[in-house]
Amino acid sequence: LGLRETRINDFVPLCLREAIKLRDQLRQSTRNQKSIVITDSGLYGSDSCKFCKGAKRTKEFLDVYGIKPVWFNPTRYHAPIDSGFVGLVEMNTLLQSQHLILVGGGAFQKQLAMRMRE
């Protein structure tokens, strides 16, 4: 438990800070100011992130930087309310990006990275 707390309190913000730096560098080099932040800690996100401390820590971090994450809301489109379906929609959205910065090493990130390399 202590190791997990350290990872959440230290490692998550460190990874997110690096992702923000990389995003800012990409913005400068491509002159593109548009970026989207998607997290799996929303209402229809990953089942493993619904109530975890990492999701809370991520939200706190994004709030400090003024970043408003987005996620797919299936009820808005009369789609199935299912985290797997939501994940597929979000993955297909992300696969259309020119640049992709991933934070995390779960199954979603691994599958997305593999598909981006194709």
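The structure, a predicted model, holds 3 aromatic pairs, where rings of Phe, Tyr and Trp (its six-membered ring) pair if their centres lie within 6.5 Å, and planes under 30 degrees apart count as stacked, over 60 as edge-to-face and the rest as tilted. One of them joins Phe72 and Tyr77, which are stacked at 5.5 Å centre to centre with 10 degrees between the planes. Because this is a predicted model, local features need pLDDT of at least 70 and side-chain atom pairs count only at pLDDT 80 or more, while totals for chains, interfaces and linings use all residues. Residues are numbered from 1 along each chain as its sequence is written, and side-chain values use heavy atoms, with hydrogens and water left out.

**Aromatic residues**
- Phe72, Tyr77 and Phe85 belong to one aromatic cluster.
- Phe72 has a relative accessible area of 16% and is therefore buried (under 20% relative accessible area, with exposed over 50% and partly exposed in between, using a 1.4 Å probe and protein chains only).

**Overall fold**
- The protein has 4 helices and 0 strands, taken as DSSP runs (H or I, at least four residues, for helices; E, at least two, for strands) numbered from the N terminus.
- Along the sequence, the pattern reads α-α-α-α.
- Of the 118 residues in the protein, 25% are buried.
- Among contacts (heavy atoms within 4.5 Å) with a separation of 6 or more, 55% come from residues 24 or more positions apart.

**Loop residue**
- Ile101 lies in the loop between helix 3 (83-94) and helix 4 (107-117), and Ile101 counts as partly exposed because its relative accessibility is 30%.
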